[in-house]
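Please open the model in your viewer and keep the selection tool at hand.

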Amino acid sequence: MEITLEKIELVKDRTGVSYREAKEALEVTGGNVVDAIIKIEDEINAKVGAKISDNGAKVVEKIKEAVKKGNVTKITVKKDGEAMLNIPVTAGVIGTALAPWLTVIGSIVALGMKCEILLVKEDGTVVDLTSKMNETLDDMREKGGEAMDSVRSKVAEKADAMKDKTGKARSDVDEIKDIVADAAKEIKGKVTGE
C-alpha cells in the first residue's frame, strides 16, 4: 500500500504521535492505517503498563523507607477485608528476609489486584498505601481518557473536513468536465463548419 500524507496525518491525529512516528508505523504495517493506529496504541498501552509497574516499585520503596525508619511493626495485605499477608517487621529486617515479601507486594500492585496494603506503625496508626496509589492511577486513567476523547474529536473533525474537500473536488472536476466538453464542441463546430 502507498503511504500518503493523508494517511500519515490521519494516524498522527488519531494517536497524537509525531509525523515521524506515524510514518514509521505505516511503513511497518505496509501502509495500513488501522494496523498502524493499533500498533501505536499497543505501544502506548505498554508504556502505561510500565508506569503501573513503576508504581509497584514506588510502593515497595515507600515500604522500605518506612521500615528503615524503624517505626513499622507490621505490613498487611488485605483483599475484600480479609488479610492475605501479615508480615511482622522487626528492627533491622530489611534485607533478604523482607525482600521476597516486598517482591510479592510489588507484584500485587503491578497486577492491580485491588488489595489494600497497610503499614502498621509502633504507635498503632495504620498507613494505607493503596489509597494513595489508587488516587494516582485514577488520575492517570482520567487524563488518558481525556486525551483519547480529544484525539477522537480531532479525528472526527479531520474526517469531516476530508469528506467536504472530497465532495468539493468532485464538483470542481464535474464543472471542469462540462467546460472542456463545451470547449470541445465549440472547436469541433469551428473545424467542421457546423
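Begin by selecting Thr15 and showing whatever surrounds this residue: apart from its neighbours within four places in sequence, Thr15 is in contact with Ile37, Ile40, Ile44 and Val151, where contact means heavy atoms within 4.5 Å. Before going further, note that this is a predicted model, in which local features need pLDDT of at least 70 and side-chain atom pairs count only at pLDDT 80 or more, while totals for chains, interfaces and linings use all residues. Residues are numbered from 1 along each chain as its sequence is written, and side-chain values use heavy atoms, with hydrogens and water left out.

Staying with Thr15, colour helix α1, residues 5-15, in which this residue is found; helices (H or I, at least four residues) are DSSP runs, numbered from the N terminus. Is Thr15 buried or exposed? Thr15 is buried, with a relative accessible area of 12%, given that buried means under 20% relative accessible area, exposed over 50%, and partly exposed in between, using a 1.4 Å probe and protein chains only.

Next, turn to the salt bridges, of which a search of the whole structure finds 3; a salt bridge is a side-chain nitrogen of Lys or Arg within 4 Å of a carboxyl oxygen of Asp or Glu. Select Glu41 and Arg14, which form one of them, with their closest N and O atoms 3.1 Å apart. This pair links distant parts of the chain, as Glu41 belongs to helix α3 (residues 33-69) and Arg14 to helix α1, 27 residues apart. Glu41 counts as partly exposed, at 23% relative accessibility.

Then select Lys39 and Glu43, whose salt bridge brings the closest N and O atoms to 2.3 Å. Because Lys39 and Glu43 are 4 residues apart in helix α3, about one helical turn separates them. Lys39 is partly exposed, with a relative accessible area of 25%, and Glu43 is also partly exposed, at 40%.

For the last stop, move to helix α2, residues 19-28, where Lys23 and Glu27 are 4 residues apart and therefore separated by about one helical turn. These two residues form a salt bridge, with 2.5 Å between the closest N and O atoms. Lys23 is partly exposed, at a relative accessible area of 39%, and Glu27 is partly exposed too, at 43%.

How values were computed: Helices (H or I, at least four residues) and strands (E, at least two) are DSSP runs, numbered from the N terminus.
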